[in-house]
Amino acid sequence: MVSFDKVNKWYGTHQVLTDITFEIPKGQVVVVCGPSGSGKSTLIRTINSLEPIQKGKIVLDGVEVHGPKTDLNQLRQRVGFVFQQFNLFPHMSVLDNITFAPIKIQKRPRADAEAFARELLARVGLSEKADSFPGFLSGGQQQRVAIARALALRPPVILFDEPTSALDPEMVGEVLAVMKSLASEGMTMVCVTHEMGFARDVGDRVIFMDQGRTVVDTTPEMFFNNREHPRVQRFLSDIKGQH
Ligand code: ADP
Ligand code: MG
């Protein structure tokens, strides 16, 4: 579904991604973690071309992401993106937030888009919030709307960039539960997260980044039993200290 082949990226002279190479098969749930500044956000933002790359190749569902002829509008409809800061449109109702792209970009009939949006709201447990405005929802509710909005374009893959980092602790679980149910339905997911319980229970694979490289790429079990990389052990003990 997603493949990276020797991907390199610089901001000016500062290299932030170095020789990133991996393949993510359909249906896999990949957790990306690593210290702050290691390049996790940059990495996932390259997948839907929110960031250019200078060397290497990324292919998404058969399409070369940074190819000169690639239609970015079309590509981005095939990648859901959930951000740390929800990024909902504050002046639109929950339902309008979810139907906006399907109606405006995909030209779907409003009635169909709304019916599907209501299905998605039921899936994230927010059926009764269709007519509410984002400012009246809790952070956890807003993030679940953001997930519903990402699903509205029926993307084959969803990217999450620290989706629970901006939430009060009591709301983290409800968002992780929605992500877990997506995973169990076979969605291909790339999740930047420091929720190691999620990595252990839901992840098929953990990629650990440090200084722009994928230092470890393995199963959750192997990752948590890692004795080889002091950097991983330090990271895991730092995370434990925070929780
Ligand atoms: P992470 O998500 O792992 O915290 P980022 O991908 O955000 O890391 O950042 C990786 C590196 O790139 C950091 O050194 C950061 O300072 C740098 N960086 C990120 N965005 C920009 C930008 N727009 N311009 C210049 N440097 C950036
Ligand atoms: Mg980041």
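Modeller: Let us begin with a definition: helices (H or I, at least four residues) and strands (E, at least two) are DSSP runs, numbered from the N terminus. This is a predicted model, in which local features need pLDDT of at least 70 and side-chain atom pairs count only at pLDDT 80 or more, while totals for chains, interfaces and linings use all residues. Residues are numbered from 1 along each chain as its sequence is written, chains are lettered from A and ligands numbered from 1 in the order in which they are written, and side-chain values use heavy atoms, with hydrogens and water left out.

Biologist: Where is phenylalanine 86 found?

Modeller: Phenylalanine 86 sits in the loop between strand S6 (79–82) and H3. Its phi is near 45 degrees, a positive value in a residue other than glycine.

Biologist: Is phenylalanine 86 buried or exposed? And glutamine 211, buried or exposed?

Modeller: Buried means under 20% relative accessible area, exposed over 50%, and partly exposed in between (1.4 Å probe, protein chains only). Phenylalanine 86 counts as buried because its relative accessibility is 11%. Glutamine 211 has 65% relative accessibility and therefore counts as exposed.

Biologist: Let us turn to helix H3. Which residues does threonine 99 contact?

Modeller: Contact means heavy atoms within 4.5 Å. Leaving aside neighbours within four places in sequence, threonine 99 is in contact with Ala113, Glu114 and Ala117. Threonine 99 lies in helix H3 and counts as buried because its relative accessibility is 2%.

Biologist: And what does isoleucine 103 touch?

Modeller: Not counting residues up to four places away in sequence, isoleucine 103 touches Arg108, Arg110 and Ala113. Isoleucine 103 is also in helix H3 (residues 94–104). At 17% relative accessibility, this isoleucine 103 counts as buried. The C-alpha atoms of isoleucine 103 and leucine 153 are 9.9 Å apart, although 50 residues separate the two in sequence.

Biologist: New topic: which members of the largest nonpolar core touch the most others?

Modeller: A nonpolar core is a set of buried Ala, Val, Leu, Ile, Met, Phe, Trp, Tyr and Cys residues joined through side-chain atoms within 4.5 Å. The largest one has 51 residues, and Met189 and Phe223 touch the most other members. Helix H6 (residues 169–184) gives the most to this core, with eight residues. Another core, of 26 residues, lies apart from it and includes Val2, Leu17, Val79 and Met209.

Biologist: Finally, the ligand. What surrounds ligand 1?

Modeller: A residue counts as near a molecule or strand if one of its heavy atoms lies within 4 Å of it. Among the residues around ligand 1 are Tyr11, His14, Gly39 and Lys40. H1 gives the most to this shell, with three residues.

Biologist: Which polar side-chain atom lies 2.7 Å from an oxygen atom of ligand 1?

Modeller: That atom belongs to lysine 40. A polar contact is a pair of N or O atoms within 3.5 Å; within protein, one must be able to donate a hydrogen and the other to accept it, and residues adjacent in sequence count only if both atoms are side-chain atoms. A polar backbone atom of glycine 39 is 3.0 Å from an oxygen atom of ligand 1.
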